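Here is a short report on a protein model. It follows the sheet, the helices, the cores, the chain contact and the backbone exceptions.

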Amino acid sequence: MVLMDAPLVLGIETSCDETGIGIVRGRQLLSNTIASSMDEHARYGGVVPEVAARAHLEALQPSIDAALAEAGVTLADLDAVAVTSGPGLAGALMVGVGAAKGLAVALDKPLYAVNHLVGHIAADILDADAAELEYPTVALLVSGGHTSLLLVRDLTSDVELLGETMDDAAGEAFDKVARLLKLPYPGGPEIDRAAADGDPTAIRFPRGLSRASDMAAHRYDFSFSGLKTAVARWVEQHEAAGQPVPVSDVAASFREAVVDVLVTKALDACARFEVPRLLLGGGVIANKRLRDVALERAAAAGVAVRIPPLRLCTDNGAMIAALAAELISSGRRPSTLAFGADSTLPVTEIQVDEDPDAVAPMLPSGSAP
Amino acid sequence: MIIGIDTSLGTAVAAIARDGEILAEEQSSNPLGHAEVIGDLLRRATTAAPAPTHVAIGMGPGPFTGLRVGIATARVYALGRGVPLVAVPSHDGVALGVLLADALTGTETGRFAVVTDARRREFAYSVYDGLDDDGLPVRVTEAALSPRDDLDARLEEHGARRHDATSVSAAMIALAAARALDADRTLAGPEPLYLRSPDVVAAHAPKRVS
Ligand SMILES: [Zn+2]
């Protein structure tokens with residue numbers, strides 16, 4: 001692909017607590033601006049939707065200005081606008097949807113409403129140093145908001161949900177267990193720090209939905225609330241007996257249980273669908289133990305692991321712009337202006353509300369898909 | 001030309017000439033669905049006003065989720081057009097409409113309160129008394145919340161007649177902005193008129209499980 005001919009797209013992401021504005025030219029990353037309201041949620045021990053939505057509204061304009069400056073482009077240069085329609089927090093998503101519509105109407109540019117989870121996969125194609133993404137691939141997406149296992153046959157047309165969490169997301173489990181251990185929010189890095197000199201085999205915590213009897217209905221689904229309760233019970237029993245709680249061992253054993261179940265199910269999917277490729281995404285991929293165990297066990301299973309750059313693994317607007325650029329390059333028409341925020345948007349809806357009456361943006365010659 | 005947007009009750013978008021002539025008025029009375037309808041309403045209104053000089057935005061009070069859709073749209077639309085944003089309390093738009101309608105019919109309006117539903121068994125209200133020399137409603141009290149059962153007693157204290165509003169005219173938001181611009185005045189700050197803190201409690205100790 002000739003890069004200068006690829007579509008210049010600005011992506012807006014507001015599904016959780018990060019206001020992400022990204023600009024790409026096709027598969028080339030030009031800017032990735034992220035404003036996070038994480039600090040405002042710390043004293044509540046988790047993301048508060050109303051706090052997140054208020055922060056998005058205030059962060060939008062400065063983030064767009066910063067992204068344009070970083071990319072060295074103007075709004076008039078854009079070929080299209082992209083936005084996350086879902087899944088995510090409804091009130092937070094709506095801020096981005098309103099902003100994207102305002103921008104598309106102001107500039108009279110095509111608007112693409114896309115799926116957040118598929119966006120996490122699209123983050124991978126922005127990695128300039130990586131080889132081309134091969135299909136099919138299994139994708140494991142882990143964050144504070146979601147834990148999903150996907151089978152990706154094509155980024156723009158064929159993504160299947162294999163399984164997802166039935167209760168807490170993995171990142172949420174880290175936050176909740178951190179609180180049990182009186183560690184601050186966000187829990188992921190704190191658990192990691194505590195686990196550094198702990199013994200991951202000290203306590204055998206349960207692996208959710210991993211029994212033989214779970215395999216029929218929930219082979220690729222996850223559950224972390226039972227694990228959280230098991231940790232709580234273990235800690236309470238120690239305290240009741242007047243024994244000191246070995247925080248390092250508890251943290252390491254808890255983290256091991258999460259990592260084990262994530263990697264085991266992902267590699268099980270690779271084996272069952274005979275797909276020797278696993279893509280990791282989402283903010284919890286920043287957890288080094290998860291990456292290490294995934295790489296080690298995947299290598300043993302003959303599965304190649306891809307991990308996008310970590311700054312593209314957390315929620316961001318660049319992945320949303322990248323997905324829209326791929327949709328444009330594959331000839332897809334823009335969305336209508338009538339879509340809304342869909343907090344439970346299924347992963348099969350890669351683009352929302354494609355307009356049958358619209359024309360696909362014309363790409364300059366030489367950039368045909 | 002001024003584009004007016006308000007999503008504090010339904011979703012309303014209008015375009016007016018600087019002298020107040022209404023060029024387009026688009027609205028949806030659906031109390032939900034702001035995000036779904038705002039794009040089409042804005043596109044239709046701006047077709048009638050292709051070269052806006054300002055964007056006027058109703059800052060509430062109103063249910064937060066819907067209110068924010070309009071403010072997000074207005075802010076980023078203004079950014080996209082490279083024109084300034086003018087913030088207007090949504091109740092000012094309602095009051096201006098009431099006062100202009102009464103002036104047309106020669107009715108004496110007197111002191112009155114614009115009242116809107118704030119959910120959670122509360123009303124939001126602002127008290128007004130006539131138009132000033134700039135043609136803007138005189139705001140006697142800033143927007144505030146009142147328990148539903150207390151409202152009438154409070155309005156009596158102010159000597160204000162009650163005017164319940166179920167919609168806000170985006171054209172009146174734009175007209176209030178036009179008059180504020182003519183008089184070089186600011187009607188509202190840049191923050192939405194939430195009137196409530198986020199409804200959260202600080203993290204408590206984890207519940208015991210055994
Ligand atoms: Zn995410």
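## The sheet of chain B

Chain B holds an open sheet of 5 strands in the order β3-β2-β1-β4-β5, with mixed pairing. Strands here are DSSP E runs of at least two residues, helices are H or I runs of at least four, and both are numbered from the N terminus. Two strands pair if DSSP finds at least two bridges between them. β3 and β5 (85-88) of chain B are the edge strands; each has a single partner, so one side of each lacks a neighbour in the sheet. From one strand to the next, the twist averages 15 degrees.

β1(B) pairs with β4 (residues 54-58) of chain B in the parallel sense, over 4 bridges. Ile2(B) stands opposite His54(B) in β4(B). Helix α5 (residues 170-182) of chain B packs on the sheet and touches β1, β2, β3, β4 and β5 of chain B. Its direction makes about 130 degrees with that of β1(B). Axes are lines fitted to C-alpha atoms, for helices over the stretch in contact; angles run from 0 to 180 degrees between N-to-C directions.

## Basis of the model

This is a predicted model: local features need pLDDT of at least 70, side-chain atom pairs count only at pLDDT 80 or more, and totals for chains, interfaces and linings use all residues. Residues are numbered from 1 along each chain as its sequence is written, chains are lettered from A and ligands numbered from 1 in the order written, and side-chain values use heavy atoms, without hydrogens and water.

Helix α1 (residues 34-48) of chain B has 15 residues and reaches 21 Å from first C-alpha to last, close to the 21 Å expected. The expected span is 1.5 Å times one less than the number of residues. Its buried residues (under 20% relative accessible area; exposed is over 50%, partly exposed in between; 1.4 Å probe, protein chains only) include Ile38(B), Leu41(B) and Leu42(B). Their cover includes α3 (90-107) of chain A, and β1, β2, β3 and α2 of chain B.

Helix α3 (residues 90-105) of chain B has 16 residues and reaches 24 Å, close to the 22 Å expected. Among its buried residues are Ser90(B), His91(B) and Asp92(B). Just after α3(B), Gly106(B) takes a positive phi of about 70 degrees.

## Cores

A nonpolar core is a set of buried Ala, Val, Leu, Ile, Met, Phe, Trp, Tyr and Cys residues joined through side-chain atoms within 4.5 Å. The largest has 61 residues; Leu10(A), Ile23(A) and Ile5(B) have the most contacts inside it. Apart from it lies another core, of 53 residues, including Val142(A) and Val250(A).

Contact means heavy atoms within 4.5 Å. Beyond four places in sequence, the contacts of Ile5(B) include Ile38(B), Leu42(B) and Ile173(B).

## Chain contact

The contact takes 38 residues from chain B and 37 residues from chain A. The two chains bury about 3300 Å² between them, 64% of it on carbon and sulfur atoms. Buried area is the accessible area (1.4 Å probe) that two parts lose on being put together, summed over both.

## Backbone exceptions

Most residues other than glycine have a negative phi, and most peptide bonds are trans. The bond joining Gly86(A) and Pro87(A) is cis, with omega about -5 degrees. The bond from Gly60(B) to Pro61(B) is also cis, with omega near 10 degrees.

Lys182(A) has a positive phi near 60 degrees and is exposed, at 66% relative accessible area. Leu209(A) has a positive phi of about 50 degrees, but is buried, at 16%.
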